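Me: I would like to go through this structure with you, starting with its aromatic rings. Could you take my questions one by one?

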Amino acid sequence: MKLPTPDRGLLRTVLFSLAVVFMIIGLHQTVLENSLLRNYWLFMLSVVCLLLYRRLGPLPTTPPPAGPANTRPAKTKPGGKARRKG
């Protein structure tokens, strides 16, 4: 049974949101308790979410489809590059 792949854009949004939420909660608890060491785990969860967010990276962009091929040869100027004086 093949499982569907998760939407990368949604996963990135959730990870970034969790990182922000953990950071805000960690800052709030640190100010209330006046102890960074007791709330260190909240900051580490925030960093882990940010690292996973960066690891997924932006979605690859696909180039626009090519138009119809031009069948006429390109026009060249008389004389070209290699002009001889003589």
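Me: How many aromatic pairs does a search of the whole structure find?
Reply: The search finds one aromatic pair in this predicted model.

Me: Which parts of the chain does the pair link?
Reply: Phe-16 lies in helix H1 (residues 8-33) and Tyr-53 in helix H2 (residues 40-56). The two residues are 37 residues apart, and the pair links distant parts of the chain.

Me: How accessible is Phe-16? And Tyr-53?
Reply: Phe-16 is partly exposed, at 40% relative accessible area. Tyr-53 is also partly exposed, with a relative accessibility of 22%.

Me: Which charged end sits over the ring of Tyr-53?
Reply: That of Arg-12, which is 4.2 Å from the centre of the ring.

Me: Turning to H2, which of its residues are buried?
Reply: Leu-42, Phe-43, Ser-46 and Cys-49 are buried in H2. Seen down the helix axis, the buried residues fall within an arc of 120°, so they line one face of H2.

Me: What do they pack against?
Reply: The buried residues of H2 pack against H1. On the other side of H2, Trp-41, Leu-51 and Arg-55 are exposed.

Me: What span should H2 have at 1.5 Å a residue?
Reply: Its 17 residues should span 24 Å, and the end C-alpha atoms are 25 Å apart, which agrees.

Me: Which residue follows H2?
Reply: Gly-57 follows H2, and its phi is positive, near 65°.

Terms used:
Residues numbered from 1 in each chain as written. Predicted model: local features only at pLDDT ≥ 70, side-chain atom pairs only at ≥ 80, totals over all residues. Heavy atoms only, no water. Phe/Tyr/Trp six-rings, centres within 6.5 Å; stacked < 30°, edge-to-face > 60°. Helix = DSSP H or I, 4+ residues; strand = E, 2+ residues; numbered from the N terminus. Buried < 20%, exposed > 50% of the residue type's maximum accessible area, 1.4 Å probe, protein only. Lys NZ or Arg CZ within 6 Å of the ring centre and 35° of its normal. Expected span 1.5 Å × (residues − 1). Arc of directions from axis to C-beta. Contact = heavy atoms within 4.5 Å.
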